[in-house]
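Hello,

Here is the structure we talked about. My notes follow below it.

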Amino acid sequence: MVLYNIGVRLYKQNEWNKAVKWLKLSFEALQHESKNLKAEEKSIRIIKVIAACHVSEGKFSHGLSALELASRFKEVANDPDFLFLKIKMLAGLKRNTELKRCLKEVVGHNECSVKMCLAACEAATECSPALAKEFYNKLIERFPEDSTVYVQKFYFLIHQQMLDAAASLIKYGKFRTY
């Protein structure tokens, strides 16, 4: 666990390359322990941080490889954090087809909060504004009473210079004025 703690500390200090080295050592050491649920949970936690380091460095293909390594654990398949990291990587790699599939999973996932869904849409914006717009609409369907979704979509539309669409959010009463 000491190796893991060093890796996390380095990650928090934005020393991502060094963090990955320590985290990989931690992962390798863990592989020599007995195979039980605790070891599996630790392995998943280590891989999440390794993937996050790669995202922070912009090494999206390395991060995706780390996530693929984690896919052998059944708990990962439905983990919101893994889905979000995967979205960041796919957006960085501009792999729209896979990104769209992942966005659908996040929006449909019961454990994904509004905040996480909005962050996923924001990540998709960098890769494909059209895809982000489509998923902002899906978020409005999923969270019709949450004003933050409308506000974020409004900012997105303004930023993308889709002014008529932004005005229509206001025109059709999606915002209340105080």
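The buried residues of helix α7 pack against α5, α6 (96-108), α8 (129-142) and α9 (147-159). Buried means under 20% relative accessible area, with exposed over 50% and partly exposed in between (1.4 Å probe, protein chains only); contact means heavy atoms within 4.5 Å. Helices are DSSP runs (H or I, at least four residues), numbered from the N terminus.

This is a predicted model: local features need pLDDT of at least 70, side-chain atom pairs count only at pLDDT 80 or more, and totals for chains, interfaces and linings use all residues. Residues are numbered from 1 along each chain as its sequence is written, and side-chain values use heavy atoms, leaving out hydrogens and water.

In α7, 10 of the 14 residues are buried, so the rest of the structure largely encloses this helix. Among them are V114, M116, C117 and L118.

In α2, the buried residues are A19, V20, L23, S26, F27 and L30. Seen down the axis of α2, they fall within an arc of 125° (taken from the directions from the helix axis to the C-beta atoms), so they line one face of the helix.

Helix α4 (residues 60-70) and helix α5 (residues 80-93) pack at an angle of about 145°, with their axes 9 Å apart. Axes are lines fitted to C-alpha atoms, for helices over the stretch in contact, and angles run from 0 to 180 degrees between N-to-C directions. On the α4 side, the contact includes F60, L64 and L67; on the α5 side, it includes F82, L85 and M89.

Regards

Technical notes: Helices (H or I, at least four residues) and strands (E, at least two) are DSSP runs, numbered from the N terminus.
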